[in-house]
Amino acid sequence: MKESVAVVSLSRHKGNLSLGVTSLSDTDAESLSRHKGGLHFEGLLELTDVAAEALSKSVGGLGFGDLEEFTDAAAELMSEHKGTLKFSQLSSLSNTAAESLSKHKGTLKFNGLTSLSDAAAESLSKHEEALSLCLSEYSDTVFDYLSRYQGCLMLSGIESLSDAAAKSLLRHKGTLYLQMDELSDAAAEGLSKHEGELGLEVYEISDASLEWMSKHEGKISGYDPSDCQDLDDWRATCVDAVEWVKSMREDEEDYEDYEEDEEEFTETIDEDAAKAFIKNPDAIDFRKAASITSEAAVILTKHEGDL
């Protein structure tokens, strides 16, 4: 998106705005910061400190789909943002950046982290609202720090949970969501003592682990073990929950395949493409668009709903 005039026009759109830009000038970031709604940057690869400062002033959620890194200074500036901050491809987080973002007022989502240092985990444990982390590699010390987190804690991408990590997490006070491939009997015993609602998505779990989880005092994935008559009833409930999650994922994949087949993609959003979208938003996909004309931007501001 090269035309600043187009960005100024789009900033006036009422509703969430998703942009497939690969770069963002400081002046365009300043214009978009005045947008009244969420901002999602699907293809943005680099974020300057000046742009980060401007976007931190926006009033809606901020999402970055392809941003893999940013400076410690940008993290400190973004910590001033009030609302959800989501990073889908950020693979690492420095200790300094984690310390800054721990002061952020709003939900923090890191869906692309491959690992997290002990120091970064200690900092994030001080964050006061919902925290979502996707971790494939971790130390038991990381979970020891995260167990001190006071808000809703969501952890995914875990292959298996060590017994020590499970013992640490039982000290967490509040809602805990865990997505993992398998759960050991010892880890299940530890988690069964967790106080608060527990969201659990596990694909390999033994009868012994199910029995331990049935003793949890509180809801698990929205289900209350005390409502089940026996272990077989609880097992069926857990299976239903997992199958429901799987079916939702399959439906989403089918829908994405349908979109690939049926929707028309455009690299440049011109006046004709904008008019076609206004007429039928489902007929054209702007996610891969790299540029937009100022005329098209003015037309799209008339769209009522997310862009």
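**Aromatic pairs**

I looked up the aromatic pairs in this predicted model. The structure holds five of them. I noted two.

I began with Phe-64 and Phe-87. Their ring centres are 5.5 Å apart and their planes stand at 10°, so I logged the pair as stacked. The cut-off for stacked is planes under 30 degrees apart. Phe-64 sits in strand E3 (residues 62-64) and Phe-87 in strand E4 (residues 85-87), so this pair ties together parts 23 residues apart in sequence. I then checked burial. Phe-64 has a relative accessible area of 0% and is buried. Phe-87 is buried too, at 1%.

Next I took Tyr-138 and Phe-143. Here the ring centres lie 4.4 Å apart with planes at 80°, so the pair is edge-to-face. Tyr-138 counts as partly exposed, at 25% relative accessibility. Phe-143 is buried, with a relative accessible area of 0%.

**Cluster and core**

Which residues form the aromatic cluster? I found Phe-41, Phe-64, Phe-70, Phe-87 and Phe-110 in one cluster.

I moved on to the largest nonpolar core, which has 62 residues. Phe-41, Phe-64, Leu-93, Phe-110 and Leu-133 touch the most other members. I keep in mind that nonpolar side chains tend to be buried together in soluble globular proteins.

I listed the contacts of Phe-110, leaving aside its neighbours within four places in sequence. They are Phe-87, Leu-90, Leu-93, Leu-101, Leu-131, Ser-132, Leu-133 and Cys-134.

**Leu-124**

I looked up Leu-124 in helix H6 (residues 118-124). Buried or exposed? Leu-124 is buried, at 0% relative accessible area; the cut-off for buried is under 20%.

I set aside the neighbours of Leu-124 within four places in sequence. Its contacts are then Leu-93, Ala-98, Ser-102, Leu-108, Leu-116, Leu-131, Leu-133 and Tyr-149.

Leu-124 and Asn-95 are 29 residues apart in sequence, and their C-alpha atoms are 9.6 Å apart in space.

**Whole chain**

The protein chain has 13 helices and 13 strands. Of its 307 residues, 45% count as buried. I took contacts between residues at least 6 apart in sequence; 34% of these join residues at least 24 apart. The chain exposes about 15,300 Å², and carbon and sulfur atoms supply 46% of that area.

Key:
Residues are numbered from 1 along each chain as its sequence is written. This is a predicted model: local features need pLDDT of at least 70, side-chain atom pairs count only at pLDDT 80 or more; totals for chains, interfaces and linings use all residues. Side-chain values use heavy atoms; hydrogens and water are left out. Helices (H or I, at least four residues) and strands (E, at least two) are DSSP runs, numbered from the N terminus. Buried means under 20% relative accessible area, exposed over 50%, partly exposed in between (1.4 Å probe, protein chains only). Contact means heavy atoms within 4.5 Å. Rings of Phe, Tyr and Trp (its six-membered ring) pair if their centres lie within 6.5 Å; planes under 30 degrees apart count as stacked, over 60 as edge-to-face and the rest as tilted. A nonpolar core is a set of buried Ala, Val, Leu, Ile, Met, Phe, Trp, Tyr and Cys residues joined through side-chain atoms within 4.5 Å. Accessible areas come from the Shrake-Rupley method with a 1.4 Å probe; for residues, only the protein chains shown count as cover.
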